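Hi,

Here is the structure I promised to pass on to you. Have a look at it first, and then read on for what turned up.

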Amino acid sequence: MDPNFVQGLHNLLVQTTSNDTTLLKAATAQLNQDYYKNPACISALASIITSSPDQAIRQLAAVELRKRVASNSGALWTMISQDEREQIKTKFPELILAETSNPVRHSAARVVAAIAAIEVPMGTWPQLFPFLQQTCIARDAAHREVGMFMLYTALENIVEGFQDQLNSLFQLFSQTLVDPDSLEVRITTARAMGVIAQFIDADEKAYLAQFQGLLPGMIQVIGQCVETSNEAGARNLFDVLETLLILEVPLLSKVIPDLVVFLLRCGGNRAYDSDLRILALNALNWTVQYKKSKLQSFALAPSILEHLMPLTTEEEPEDVDEDAPSRSALRIIDGLATNLPPTQVFPSLRNLIVQYFSSQDPAQRRGAMLALGIAVEGCSEFMTPLMGEVWPIIEAGLQDGDASVRKATCIAVSCFCEWLEEECVAKHAVLVPAIMNLINDSATQRSACTALDALLEILADVIDQYLQLIMERLSGLLETAPIPVKSVVTGAIGSAAHASKEKFIPYFEPTMQHIQHFLVLTGEGEEIELRVLLWMPLAFQGIEMGSARLRECSFLFFGVMARVFGDEFAGYLPSVVPPLIASCVQDEGTEEVSTSDPNSAFNSGLSASNAIPVTDELDANGMPTEELEDVDLDKLLDVNSAIAVEKEIAADTIGMLFNATQAQFLPYVEQCTLELVKLLAHYYEGIRKSALDSLLEIVRTFYDLSDHQDWEAGSTVTVPLASTTRELIGHVLPALLGMYDTEDNKSVVSALCVHLAETINKIGPAFVEGQLEPICAIAIQILEQKAFCQQDPDQDEEEEAPEAQAEYDSVLVSSAGDLVAALANALGGDFAPAFSRFFPLIAKYYKKSRSLSDRSSAIGCLAEIIAGMKNAVTPFTEPLLELFYQALSDTDAEVLSNAAFAVGLLTEYSEIDLSPQYLHLLGALRPLFVVTPDSPASKLNAKDNAAGAVARLIVRNTAAVPLDQVLPVFVQALPLKNDYLENRPVFRAIFHLVQTDGAALGPYMDRLIQVFAAVLDPNCPDQVGDDIRAELIQLIGVLNTQMPEQIRAADLSAFIPDQ
């Protein structure tokens, strides 16, 4: 080795540390030109690392040596002589042990790792692992630390070649994981375990068992980091733990109960640093997400909830974006509620909520209310019959003496309005006045306005009785409230306008007078946001102001306005659509991210195709000069959620605008479609969901605008689509099906099924032409619980999924049922071969042990399939009837309603004469007619469907129906109040009896005339459809000749021709 070359390289390295920019640039240029392209630089840099007296230069030399070795797949390394390579491999690891500086040791260890990545796979460095193993158990703790770090970095870099060392590594780790002197050795051992875990396959049982034997020790090391406030170590090891949780190989399965106890202990100990507690709780949240089957099988939810509830009472930071143990605890409660069967979650949670809400401590009452609100998303169906116990807690919370409890209750009410609409509307007399009172209180104004906004969105016509009070109160707040409250108030006013429709007109001008002075606000932040919410020009200004949040508000505003004004909004499209497209395509930070500026360190990583280039100062070969371990990865990988949400809203708004403005939007369809298809692969599930929703909305609207005829059911398309529609479908549908194959989010897959079903029902068999098999496969996989989003690594492939499942899982299954029913509707009788496959898959969800959602959706799905297949259902009549008999003895009115509908359709369409079953069927239907005016909506709906079923029986075979016993009950059940669709079979039966056995209806004609008046009431929405209405009016004309006084008394004279 030329000493002058080494000295020159050393001098230039020294020069690059200069503060003089000119000197630095000159030195860098000379290094790149004269040294770093020369293989001799490798030996020279190794010499400098071991001989330079300057620590900074030794570390810089190690950084540069690693890059030279690794660059170009080791091209420079392999260009030096074999002797030099062997000399470096032999001496360099030992020289590292003599190094006194820890940063230099770490950088030099990465040199060893880079060399190992080249040599070990080729089998040319057999001495490395024995040397490292001996070093890891050396007498000197400092040597053990360096040895373990070298081993860890080597394992990180070697893709193949170390697997045959696993047995000896496991043996080594069993010693180093309990190193008596060095926590650093123990931490690095656990990190090394995280690396080799990724190379263990599920069928390598021996390795799996050895690894699992080390897990208790690893968990102990994490605990030691938390206890000693070693935040860096704790972060590294919680990262390892999260890696183990998401691996498909069930490495953690046997320690899940102990792991949960450990994480709860760390997260719940207020003596520990708050950040470390949050790390532990986040790991528990990942455990809930990825190990739910183990939590379910061990029934761990009650214990977890018991330990989490005290955390909900802890103080929350003012900043909504700042994390805290209390917020982490609520996230976990949400995770339990949405991932586990509600039977395992809500009973225990309910007891805890009652206990905490009874406390004298307002923090406990606040925690109870927040937990109640957060749980409703995943337990809404289970909670519905229990709401009689829940409402007193809500009502007490709205009146609580502590403002924090009242605010928490407003949050809970907002959640309830989203997931329990009917129940909240039914309690309007309690909720509206209570919330209006809280709006008067400055401490609860903003939360109360948010709750009112959520409530107004679902009140519909009920709002009429409150509109004056609401507008007076909200208008007053526009004058007196702080800016943050005014922003929420404008949203509530918008919801009031949307709900009340034309009744809002008298309030429009006064409202504008209240808010007009805001239009000249010039302040920043919240004032700007308020202006965007208030006026269209300012909404356009919001698009251009460089804020994702303001653009999001503007897009939401445009969507609402388009829905309200329809094609009148078309004039704004040239100004609105380009920003929407720009939002969809905007760069989220795939440009270089300088680690010198951590505040701008990340806006990327939202797609697998968008790698995150960690860069700072680059050399001539494009190699970064900064070590990865020195980068703040938390800041670097902090996803820019504001931009993601903006994109989600933009994608959703596109479909909304096309639907609202129709043909005026056509010039934008192609570009919007292309950009939305790209978003199907986005990292963020909200964007994927909005993109698929808008794409199928575009397809449906485009079809509506095309010159199309009504389609005919069948596997062969007899009514072809317009070429442009077919081309659009050809671009969109394959992309959606491809998306499904890798989609891991259940809510996205559920949305895909629902929107596909809606589109199939609209467009018919032409939509699925050529794609029937993959669409059927989606439904089959979901019903078999084998879809990608349903996979559980802790569950054996041949093992049946548990019957008890989270409500979200039931929603997914129900969505697949919607898709199957749509296929049956489109294919008609040609669906029969497929139904032989689908029937057992759907029927298995009707068991008494299944949830209400599963049971109800299974029977409802089969009913819709019968409606689609019609006579082709005949071969399946017997098993279907047997199943429906079971469902007619169900305890829940929702199931009974679907069963009545199903059995009526089966009687109508099956070519098998079911009249021998009539008495049995009528007996099973009879209890459904027993209702009172204040019965729950589900029971009233069941009564309507039972009436429809009886009507179908009458039309199919009147002689088999004991009319003298049936008609009194049947007529008394009219008019239908809930399910107007069943008026079609009901009136067909009435018309049929008039024509075939008019005398049978004679005793009931006075009652029926009142029914006719009710369904024809011009002040009510249409209840019967045009065909039934026309035939009914004819019947009234006939009856007028027989009983004119009764017709006149019922105010039906207007429906008599020439009257």
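To begin with, does Arg 85 count as buried or exposed? Arg 85 counts as buried, because its relative accessibility is 12%. Please keep in mind that this is a predicted model.

Arg 85 belongs to helix 6, where Ile 88, Lys 89, Phe 92, Pro 93, Ile 96 and Leu 97 are buried too. The helix covers residues 82–98 and spans 25 Å from its first C-alpha to its last, close to the expected 24 Å. There is a kink of about 30 degrees at Phe 92, shortly before Pro 93. The buried residues of helix 6 pack against several other helices, including helix 3, helix 7 and helix 9.

Now for the charged pairs. The count of salt bridges comes to 35. In one of them, Arg 85 pairs with Glu 119, with the closest N and O atoms 3.7 Å apart. This pair links helix 6 with helix 7, across 34 residues. Glu 119 is buried as well, at 3% relative accessible area.

Arg 144 and Asp 181 form another salt bridge, at 3.1 Å between the closest N and O atoms. Arg 144 sits in helix 9 and Asp 181 in the loop between helix 10 and helix 11, so the pair ties together parts that are 37 residues apart in sequence. Arg 144 is buried at 6%, whereas Asp 181 is exposed at 58%.

Finally, the surface: Ile 246, Trp 286 and Tyr 290 make a nonpolar patch of about 270 Å². Tyr 290 lies in helix 15 and counts as partly exposed, at 38% relative accessibility.

Best wishes

Technical notes:
Residues are numbered from 1 along each chain as its sequence is written. This is a predicted model: local features need pLDDT of at least 70, side-chain atom pairs count only at pLDDT 80 or more; totals for chains, interfaces and linings use all residues. Side-chain values use heavy atoms; hydrogens and water are left out. Patches are made of residues with over 30% relative accessible area and no salt bridge: like charges are joined within 9 Å, nonpolar side chains (Val, Leu, Ile, Met, Phe, Trp, Tyr) within 5 Å. Accessible areas come from the Shrake-Rupley method with a 1.4 Å probe; for residues, only the protein chains shown count as cover. A salt bridge is a side-chain nitrogen of Lys or Arg within 4 Å of a carboxyl oxygen of Asp or Glu. Helices (H or I, at least four residues) and strands (E, at least two) are DSSP runs, numbered from the N terminus. Buried means under 20% relative accessible area, exposed over 50%, partly exposed in between (1.4 Å probe, protein chains only). The expected span of a helix is 1.5 Å times one less than its number of residues. The bend at a residue is the angle between axes fitted to the seven residues ending there and the seven starting there. Contact means heavy atoms within 4.5 Å.
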